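Open the model in your viewer and follow the stops below. Each one says what to select and what is there.

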Amino acid sequence: MQQARITDNFRQQKSFDSISRTGRDKKQQKAPELPGAHGEAAVTNYDISAEERLLRAFDLATQYGPCTGMTRLERWQRAEQFGLNPPMQVKELLTGLQGEQLNQCLWDGRV
Amino acid sequence: MGTLDLERPTPSTGQKYDELLSMPGDMMCAEAAAIPRATCEYTPRGQGFLLGKQRSFDRQYAQLYFSRLLKLRQVVQQQVQAAWPGTPVVKILSVGEDQEVAVIGTLYKDMKLKPSILDEYAKQPGFKQALGGTGFCSDDDSLVLEDEGARMSMRSECAELQPDSVVTGVVLAVRGRAEPGGDFVVSGVLWAGLPEQPQRPLPQEDAYVALVSGLQLANSKADMMQVQLLVDFLTGNLGAAPQQQLAAKVVQLVIAGGSLGQLEALAAANPYSRQQTTDMEPVRDMDLVMTELAAALPVDIMPGPDDPANASLPQQPLHQCLFPGAAPYSSFRRVTNPHAFELGGCLLLGTSGQNIDDMAKYTRGRSRLDLLACCLQWCHLCPTAPDTLTCFPFGADDPFVLQQCPHIMLAANQPEFDTRLLEGPGGASVRLVCVPSFIKTGTLVLVNLRTLQCQPLTFQSNYTSS
């Protein structure tokens with residue numbers, strides 16, 4: 001019988017899944033499909049899509065609070081919870097097909 | 001302090017130690033004389049203070065301040081509409097010099113003596129380090145109001161808004177007009193005020209909740225005899241029938257932090273030495289004490305300032321592995337700091353004192369109990385978090401905003417015992433208690449759930465006093 005080790009019961013390392021990932025880590029794993037919307041390229045790239053433009057306006061609207069440190073969907077949900085009536089179009093974009101890529105705010109990867 | 005409205009012990013009939021001086025044979029009818037402990041329905045109410053497993057510290061604190069402002073702005077706006085009906089409420093960016101307006105925002109107190117992280121980089125150590133004190137107020141502190149768009153500095157002509165009596169992080173409404181120089185001259189101020197208090201059903205008989213804090217079992221000056229007297233009293237092994245009857249009416253014990261304290265020997269020791277087992281003695285002592293208590297009555301243990309829990313508020317419950325003996329008892333509950341629960345309809349809210357201690361450093365001329373009352377007035381449990389009191393960076397919510405007015409509010413680990421009954425609008429009455437540190441005063445506080453009066457009990461074990 002193989003001797004049971006204490007390391008069998010107590011994990012030394014946190015599992016990969018339980019590490020909370022910031023937007024930065026996500027970018028290193030898979031390339032974003034909307035090029036240049038975030039990170040270094042966003043400064044010089046004018047080809048951001050209309051959806052991204054709308055979401056950036058949502059990010060910069062001060063009445064919904066600061067945008068860094070939260071995903072856009074979280075911020076939208078918080079704004080709704082506090083009765084600020086955020087635009088439904090933003091939510092539709094964020095929960096739509098491209099929602100995952102559009103979920104990180106404007107300053108993600110830049111600040 | 002004046003005279004406190006304390007509950008006096010019930011006078012006992014007959015001779016003082018009749019039962020203790022009787023013949024041993026009479027003890028055979030002990031079963032007939034057994035006193036059952038009173039029980040009370042317990043409902044935990046502090047779910048907002050429990051953090052999940054995923055705790056991301058990446059977020060900045062601006063989100064927390066925004067949530068706080070939004071949550072309290074609605075409440076303050078109602079106050080403004082009631083008190084100043086004609087005054088328009090505007091945002092800071094729209095404040096003009098022509099008319100008197102009301103503005104709602106978060107307060108920031110600019111303090112010269114406040115320790116700043118940038119001092120570490122100063123070329124010459126300033127006099128701030130030389131002071132090293134616990135009071136950071138000075139005569140030229142100034143107030144700034146901030147909302148989600150802008151900030152403005154204020155000059156107060158109102159006695160209620162003076163820099164010495166407020167702290168950073170309070171949400172309030174000010175009325176006044178902007179001066180040509182840029183300052184906003186304040187003529188009136190409104191706080192959020194006490195939240196609504198739910199009605200509580202009055203119990204038929206006396207039931208007590210026992211509050212103690214600051215046992216400091218890891219401190220070499222801790223008197224184990226004193227702690228044992230406390231345990232014996234609560235378990236009904238101390239005194240004669242009157243004391244046992246009083247102990248039987250205690251339905252809940254709350255140990256509000258400071259039970260272990262700093263494990264000095266462990267911090268200084270070599271991690272590989274065999275000394276570690278003896279250095280861990282205080283942890284085992286704490287478990288023994290908790291096991292005795294948990295076997296007798298429901299116990300809620302909160303972490304305190306120096307306990308082995310996380311340092312930032314809300315402190316998470318002490319780990320189960322610290323209590324191998326007490327953890328199996330269902331009457332033993334490890335809870336967060338701050339802690340909120342309901343006992344038979346009576347709402348209790350308490351902290352281990354870090355919020356009051358921090359506020360006391362940044363105000364002048366206010367007693368600890370006054371600061372506790374201010375927390376209720378400002379509708380926030382720890383307004384100085386996260387500015388000077390370390391706190392978790394919440395994003396979507398601020399769990400320290402008071403939603404309901406408690407019936408009993410306590411701050412533990414305070415230098416001395418103090419209590420007051422605060423009367424609020426709408427018939428609300430709150431019993432405010434400053435629970436003293438046990439290692440300094442040996443005091444246990446019993447709060448009567450029927451009358452909301454306090455009865456402090458002091459345990460002493462030295463006979464050499466004069």
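**Stop 1: the largest cavity**

Select B:K109, B:M111, B:K114, B:V167, B:T168, B:Y362, B:T384, B:D387 and B:T388: these residues line the largest cavity. A cavity here is a set of points, on a 1 Å grid over the protein atoms alone, where a 1.4 Å probe fits but cannot get out; lining residues have an atom within 4 Å of a point. The model is predicted: local features need pLDDT of at least 70, side-chain atom pairs count only at pLDDT 80 or more, and totals for chains, interfaces and linings use all residues, while side-chain values use heavy atoms, without hydrogens and water. Residues are numbered from 1 along each chain as its sequence is written, and chains are lettered from A and ligands numbered from 1 in the order in which they are written.

The largest cavity has a volume of about 40 Å³. Volume means the space filled by probe spheres set on the points, with grid points joined across faces, edges and corners. The count is 1 cavity of 30 Å³ or more. Its lining has 3 nonpolar, 3 polar and 3 charged residues. Ala, Val, Leu, Ile, Met, Phe, Trp, Tyr, Cys and Pro count as nonpolar, Asp, Glu, Lys and Arg as charged, and the others, Gly among them, as polar.

**Stop 2: two domains**

Colour domain 1 (15-54 + 200-458) and domain 2 (84-191) of chain B. The bounds come from an automatic or database domain assignment. Each domain gives at least three residues to the lining of the largest cavity. The domain centres, taken over C-alpha atoms, are 36 Å apart. Across the boundary, 12 residues of domain 1 are in contact with 19 residues of domain 2 (contact: heavy atoms within 4.5 Å).

**Stop 3: cis peptide bonds**

Zoom to B:N337 and B:P338, joined by a cis peptide bond with omega near 5°. B:P338 is in the loop between β11 (332-334) and β12 (339-343). Helices (H or I, at least four residues) and strands (E, at least two) are DSSP runs, numbered from the N terminus. Next, select B:A385 and B:P386: this bond is also cis, with omega about -5°. B:P386 is in the loop between α9 (368-377) and β14 (408-414).

**Stop 4: positive phi**

Stay in the loop between α9 and β14 for B:C379. B:C379 is not a glycine, yet its phi is positive, about 60°. B:C379 counts as buried because its relative accessibility is 2% (buried: under 20% relative accessible area, 1.4 Å probe, protein chains only). Finish at B:L452, in the loop between β17 (443-448) and β18 (454-458). B:L452 also has a positive phi of about 60° and, at 3% relative accessibility, counts as buried.

Terms used:
On a 1 Å grid over the protein atoms alone, a cavity is a set of points where a 1.4 Å probe fits but cannot get out, and a pocket is an open set with protein on both sides within 12 Å along at least five of seven lines; lining residues have an atom within 4 Å of a point. Buried means under 20% relative accessible area, exposed over 50%, partly exposed in between (1.4 Å probe, protein chains only).
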